[in-house]
Amino acid sequence: MSRPSSDKQRASLKMAFARAVETLGGGKIVSSFTRVNAAMISLYAAPHEDQRQAGLDVAFDIDKAHADAGAEPPILSTYATLLGFSLAPLEAGRDASGITLADMARLDREAFEARATIYDSLADGQFTPTEKRKALKELADLEGVIAAIKAKVEAA
């Protein structure tokens, strides 16, 4: 029986988990507010540990820390993207709380991902339909981050 999720999708979740942990200061810090220790967090983030994924409660605690800091929850955002959805905050005024370091880290990450996707597409001198879709998605993600930061600047 095959799994509905692909190896690539599960690797994307691991990468999102690893970035989320890194943004919060590393496994030792994250272990202080989740039910798992730093060693287990490291295993959940390790690409070679493909059978170990973080439990929903651990991912929730990490995403909540990001959301409490005013950033989009990175693990949930990855789940949504992999399933063909996007996230939007329920509270329109939530972004008026001020720009955070998490906002800037997200801006850097999204700009890097957009740039890397386009560079990869240009390697052979043309955009395939798949590369075009991926580049447009990455650019839309970047625009979303810029819009959120712009809203915070305007509200300041």
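**View 1. Helix H1 against helix H5.** In this predicted model, helix H1 (residues 7–23) and helix H5 (residues 74–82) have axes that come within 8 Å and cross at roughly 160°. That angle makes H1 roughly antiparallel to H5. The crossing of the two helices is right-handed. On the H1 side the contact is made by Gln9, Ser12, Leu13, Ala16, Phe17 and Ala20, and on the H5 side by Pro74, Ile75, Thr78, Tyr79 and Leu82. Sorted by class, the residues of this contact are eight nonpolar, three polar and no charged.

**View 2. Helix H1 against helix H3.** The axes of H1 and helix H3 (residues 38–45) come within 8 Å and cross at roughly 140°. H1 is therefore oblique to H3. Lys14, Phe17, Ala18 and Val21 of H1 make the contact with Ile41, Leu43, Tyr44 and Ala45 of H3. The contact of H1 with H3 holds seven nonpolar residues, no polar ones and one charged residue. Phe17 of H1 takes part in the contact with H3 and also in the contact with H5.

**View 3. Helix H4 and its cover.** Helix H4 (residues 56–68) has 13 residues. From its first C-alpha to its last, H4 reaches 18 Å, close to the 18 Å expected at 1.5 Å a residue. Which residues of H4 are buried? They are Val58, Ala59, Ile62, Asp63, His66 and Ala67. An α-helix has 3.6 residues a turn, so residues three or four places apart point the same way. The cover over the buried residues of H4 includes H1, helix H2 (27–31) and H5. After H4 comes Gly70, with a positive phi near 90°.

**View 4. Pro73 in the loop between H4 and H5.** Pro73 lies in the loop that joins these two helices. Is Pro73 buried or exposed? Its relative accessible area is 17%, below the 20% cut-off, so Pro73 counts as buried. With neighbours within four places in sequence left aside, Pro73 is in contact with Asp63, His66 and Leu87. Asp63 and His66 are themselves among the buried residues of H4. Pro73 and Ile62 are 11 residues apart in sequence, and their C-alpha atoms are 8.0 Å apart in space.

**View 5. Buried residues of helix H5.** In H5, the buried residues are Pro74, Ile75, Ser77, Thr78 and Ala80. H1 and H4 are among the elements that cover them. Pro74, Ile75 and Thr78 also belong to the contact with H1. Just after H5, Gly84 has a positive phi of about 85°.

**View 6. Helix H6 against helix H7.** Helix H6 (residues 101–122) packs on helix H7 (residues 129–155) at an angle of about 160°, and their axes are 9 Å apart. The two helices are therefore roughly antiparallel to each other. The crossing of H6 and H7 is left-handed. H6 contributes Asp103, Met104, Arg106, Leu107, Glu110, Ala111, Glu113, Ala114, Thr117, Ile118, Asp120 and Ser121 to the contact. These meet Glu131, Lys134, Ala135, Glu138, Leu139, Asp141, Leu142, Val145, Ile146, Ile149 and Lys152 of H7. How many residues of this contact are nonpolar, polar and charged? The contact of H6 with H7 has 11 nonpolar, two polar and 10 charged residues.

Technical notes:
Residues are numbered from 1 along each chain as its sequence is written. This is a predicted model: local features need pLDDT of at least 70, side-chain atom pairs count only at pLDDT 80 or more; totals for chains, interfaces and linings use all residues. Side-chain values use heavy atoms; hydrogens and water are left out. Axes are lines fitted to C-alpha atoms, for helices over the stretch in contact, and angles run from 0 to 180 degrees between N-to-C directions. Helices (H or I, at least four residues) and strands (E, at least two) are DSSP runs, numbered from the N terminus. Angles under 35 degrees count as roughly parallel, over 145 as roughly antiparallel, 65 to 115 as roughly perpendicular and the rest as oblique. A crossing is left-handed if the near helix is turned anticlockwise from the far one by less than a right angle, and right-handed if clockwise. Contact means heavy atoms within 4.5 Å. Ala, Val, Leu, Ile, Met, Phe, Trp, Tyr, Cys and Pro count as nonpolar, Asp, Glu, Lys and Arg as charged, and the others, Gly among them, as polar. The expected span of a helix is 1.5 Å times one less than its number of residues. Buried means under 20% relative accessible area, exposed over 50%, partly exposed in between (1.4 Å probe, protein chains only).
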